[in-house]
Amino acid sequence: MTVDPHLLDDLEWRGLLAHSTDLDALRAALSTTEPGGVRFYVGFDPTAPSLHLGNLVQILTARRLQQAGHTPYPLVGGATGMIGDPRDSGERTLNSLDTVQDWVGRVRRQIEPFLSFEGGNAAVMVNNYDWTASLSTIDFLRDIGKHFPVNRMLARDVVKSRLEAGISYTEFSYILLQSMDFLELYRQHGVTVQFGGSDQWGNLTGGVELIRRAEGGKAHAFATPLITKSDGTKYGKTEGGALWLDPAMMSPYAFHQFWLNAEDAKVGELLRVFTFLSRPEIDSLEAETAEKPFLRAGQKALADEVTTLVHGATETANAKAAAAALFGSGDLGDLNPATLSAALREAGATRAELGTPYVDLLVAAGLVRSKGEARRTITEGGAYLNNERVTDPELVPDGSHVVAGGWLVLRRGKRNLAGVEIG
RNA sequence: GGCAGAUUGCCCGAGCGGCCAAUGGGAGCGGACUGUAAAUCCGUCGACUUAUGUCUCCGAAGGUUCGAAUCCUUCAUCUGCCA
């Protein structure tokens, strides 16, 4: 496979280059004629049982690079996950080795489907635990630590912001581990490019510099932008919590809904970052969204594309069918019971006995956190049963409310739906 | 090590003996408007309950008082100033 010469232009157009080391040097490196192209690495720390939206940017970028002919070395941080990189919100809680190793496996399996492990530029999965766990403290301090001036480390933004509240030596040292990873991959595999999220920029350049100091080698790095809403706040969180890639933690339906609800102003950017649609396709979707925003052509394409990438075509079709059933027609009674029950299972369902008060059902379905909140929601006019507003906090659904052969359709607000299966 | 100040609900921040579940802003949630957007406006925002009720809560543990987030003691953490 030959290397695609237009890769960097495409990445630039997609807005994926938020920061970069010498861009011309990077361009030169990426235009290599070597078989297998450039060897690059991107790391994922197992800080949870699943990766999330932010990680998806990196996974997809890795896929773009591989499709352009380069060789990925996706790294799962069995070692760095034991330490934790510093973040503004404060010191992390350490996880046990067992937990981290379990998460390493899960994260690895999440990444694999996005990359190809065959052919001339087959991906090579690596784990920094392999070269970090057995390293002696003395070697670490002499070989790695010697190259890191503390005054420079202290000047980093994350560290500065933590100096008042406090930061442990453990987190302070994180940059050494990640930099060492780059050096190690450079030595073992000839990896010369690393990328990551823009919050990783310090760690990325740390590695480039370590390679230069320790080996006199030339390596490159770039950072992808942080994806934010138009008001500048992070995505990452939605009604149910973080945007997980694991279908057990966030249903494909909810995932699809998230993209469908993207703001108009962000659709173009999200299409460029999260889909593999071509430039003409995206340009045309963007134009359509600008002209006829109410059709939400961009959002629909975005939701379908990204859900298919992450969960597959079947799950995407299910999510679409569910949304069509639940948001489409006004009267739920008109719907085919099979369609409706499938849609409710997709949206999230629980089981309850007939005779359970409506308030308790809202809690059981996870639409509210407490009965008080449930009552409040009813008072506020945001609670619905079978698409009809509930006004009586004491309501106890009976047989006349059951639809589709055994279901109650609960809704909070406009778009938080859940099904209760009676029985 | 000494002196002074701080620690409030998801975040920021008032309160400084009873009227405090605790002003205000942000986030979140709901409603209106729409397109299952954004912006805006309105409402709501500890739990159990629905009674002008109970419980938990203002860094931690004790204490004073009829009564404390508010006063005292000790401890923890942070911030200044001095060594």
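An open sheet of five strands runs in the order E9-E13-E12-E10-E11, with mixed pairing. Strands are DSSP runs of E with at least two residues, helices are runs of H or I with at least four residues, and both are numbered from the N terminus; two strands pair if DSSP finds at least two bridges between them. At the edges of this sheet are strand E9 (349–352) and strand E11 (388–389), each of which pairs on one side only. Strand E10 (residues 383–385) joins E11 in the antiparallel sense over two bridges, and Leu385 has Glu388 of E11 as its bridge partner.

The model is predicted: local features need pLDDT of at least 70 and side-chain atom pairs count only at pLDDT 80 or more, whereas totals for chains, interfaces and linings use all residues. Residues are numbered from 1 along each chain as its sequence is written, chains are lettered from A and ligands numbered from 1 in the order in which they are written, and side-chain values use heavy atoms, with hydrogens and water left out.

A further open sheet comprises six strands in the order E1-E6-E5-E2-E3-E4, again with mixed pairing. Its edge strands, E1 (19–20) and E4 (126–127), each pair on one side only. Strand E2 (residues 39–44) and strand E3 (residues 71–76) are parallel and share six bridges; Arg39 has Thr71 in E3 as its bridge partner.

Axes are lines fitted to C-alpha atoms, for helices over the stretch in contact, and angles run from 0 to 180 degrees between N-to-C directions. Helix H2 (residues 23–30) lies across E1, E5 (193–197) and E6 (220–224), at about 105° to E6. Helix H12 (residues 201–215) touches E1, E5 and E6, and its direction makes about 175° with that of E6.

RNA strand B has 29 residues around it, of which Asn261, Lys371, Arg375, Arg412 and Lys414 come nearest; a residue is near if one of its heavy atoms lies within 4 Å. Of the RNA atoms within 4 Å of the protein, 61% belong to sugar or phosphate and the rest to bases. The table gives polar contacts, pairs of N or O atoms within 3.5 Å.

| Side chain | Atom of RNA strand B | Distance |
|---|---|---|
| Gln299 | base nitrogen | 3.3 Å |
| Ser370 | phosphate oxygen | 3.0 Å |
| Asn416 | phosphate oxygen | 2.9 Å |

Helices H13 (252–260), H17 (313–327) and H20 (371–379) are the elements that give two or more residues to the surface near RNA strand B. H20 gives the most, with four residues.

Within helix H13, Phe255 and Trp259 lie four residues apart, about one turn of the helix. Rings of Phe, Tyr and Trp (its six-membered ring) pair if their centres lie within 6.5 Å, with planes under 30 degrees apart counted as stacked, over 60 as edge-to-face and the rest as tilted. The count comes to seven aromatic pairs. Phe255 and Trp259 form an edge-to-face pair, 6.0 Å centre to centre with 70° between the planes.

Terms used: Contact = heavy atoms within 4.5 Å. Polar contact = N/O pair within 3.5 Å; in protein donor to acceptor, adjacent residues only side chain to side chain.
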